[in-house]
Amino acid sequence: MQQLLDLLNTAIEETRRVRSDDKQLILLGTSLLHPADAFMSLWKELAPKMPKFQIRLVQLQEDLNSRNREYAMLGRSSDLIVGTFDSTTLKQSFSAIKLGAYHFGIAVRSDNPLAQLDEITYSDLAHRKVLMVSTGISEKNDLVRSEMLAAEPSIQPIDTSGRYDINTFNETVEENIAMISLTPWKRIHPNLVTVPLKTSVTVPYGLLSTKFPGKKTADFLHEFTKLVPTETQSHS
């Protein structure tokens with residue numbers, strides 16, 4: 001009897017393996033700063049309608065020689081990532097399918113008085129240090145910086161050396177200063193509270209690929225856009 005059950009289990013596993021092998025495997029990169037949650041929630045609904053594709057999440061390794069780090073891994077360790085984009089961010093040959101927009105917030109240590117506010121205005125940041133990426137890296141961040149300093153010139157911008165990494169969040173906690181943040185980063189550091197920033201500027205996010213991603217990924221994106229009306233943007 002046990003022998004029969006073992007044979008049955010082997011047959012089931014073999015069937016699963018064959019079915020899995022028939023699928024086109026799409027590698028979706030994920031990291032602390034590029035979480036895949038927004039896409040994976042959507043994929044749960046779309047997967048039955050795209051049966052020939054299978055998504056595999058891969059942890060992105062930072063390429064410290066690149067200013068775009070995770071973006072630079074596209075086409076190497078991953079086929080796609082979920083990330084922000086604008087005309088400055090996508091100076092390299094990337095394409096983006098817009099899924100939505102992230103909102104800006106101000107991250108502060110939980111014992112900072114700003115953490116008690118429901119919304120932060122630029123006047124709330126008067127005479128404070130605010131950590132943010134330097135100009136020329138993100139068009140939307142540059143817009144917020146200009147808006148902020150025009151409204152409250154006493155704010156002191158503290159530039160990071162490049163894009164954010166975990167050290168940026170640690171610095172915010174250790175120095176007890178404010179930091180420009182985005183919607184998906186609310187829970188990266190347990191000692192930080194993110195309060196919405198009063199601004200109309202938002203940052204589009206979506207599925208990012210290389211401009212010429214190869215047939216498998218191109219076929220996936222083609223099927224995806226047929227099911228989800230989206231806006232595709234390319235930059236070179």
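Predicted model: local features only at pLDDT ≥ 70, side-chain atom pairs only at ≥ 80, totals over all residues.
Helices in this account are DSSP runs of H or I with at least four residues, numbered from the N terminus.

Helix α5 covers residues 215-227. Within this helix, Glu223 and Lys226 are three residues apart, and therefore about one helical turn separates them. Their side chains meet in a salt bridge, with an N to O distance of 3.4 Å. Glu223 counts as partly exposed, at 23% relative accessibility, whereas Lys226 is exposed, with a relative accessible area of 55%.

A second pair in helix α5 is Asp219 and Lys215, which lie four residues apart, again about one turn of the helix. The salt bridge between these two side chains has an N to O distance of 2.7 Å. Asp219 is partly exposed, its relative accessible area being 27%, while Lys215 is exposed at 64% relative accessibility.

The structure holds five salt bridges. Asp79 is buried, with a relative accessible area of 16%. Lys216, at 29% relative accessibility, counts as partly exposed. Side chains of opposite charge can pair when their charged atoms come close.

Strand β3 spans residues 80-84, and five of its five residues are buried, so the strand is largely enclosed by the rest of the structure. In a regular strand the side chains alternate between the two faces of the sheet. In β3, Leu80, Val82 and Thr84 point one way and Ile81 and Gly83 point the other way, all of them buried.

Strand β3 has pairing partners in β1 and β9. Strand β1 (residues 24-30) runs parallel to β3 and is joined to it by two bridges. Gly29 has Ile81 of β3 as its bridge partner. Strand β9 (residues 202-210) runs antiparallel to β3, with four bridges between the two. Here Gly83 stands opposite Gly206 of β9.

His127 is not a glycine, yet its phi is positive, at about 65°. This residue is placed in the loop between β4 (94-109) and β5 (129-132), and it is exposed, with a relative accessible area of 62%. Asn176, also a residue other than glycine, has a positive phi near 50°. Asn176 lies in the loop between α4 (166-175) and β7 (178-182). With a relative accessible area of 30%, Asn176 is partly exposed.

Note on methods: Residues numbered from 1 in each chain as written. Heavy atoms only, no water. Buried < 20%, exposed > 50% of the residue type's maximum accessible area, 1.4 Å probe, protein only. Pairing = 2+ DSSP bridges. Salt bridge = Lys/Arg side-chain N within 4 Å of Asp/Glu carboxyl O.
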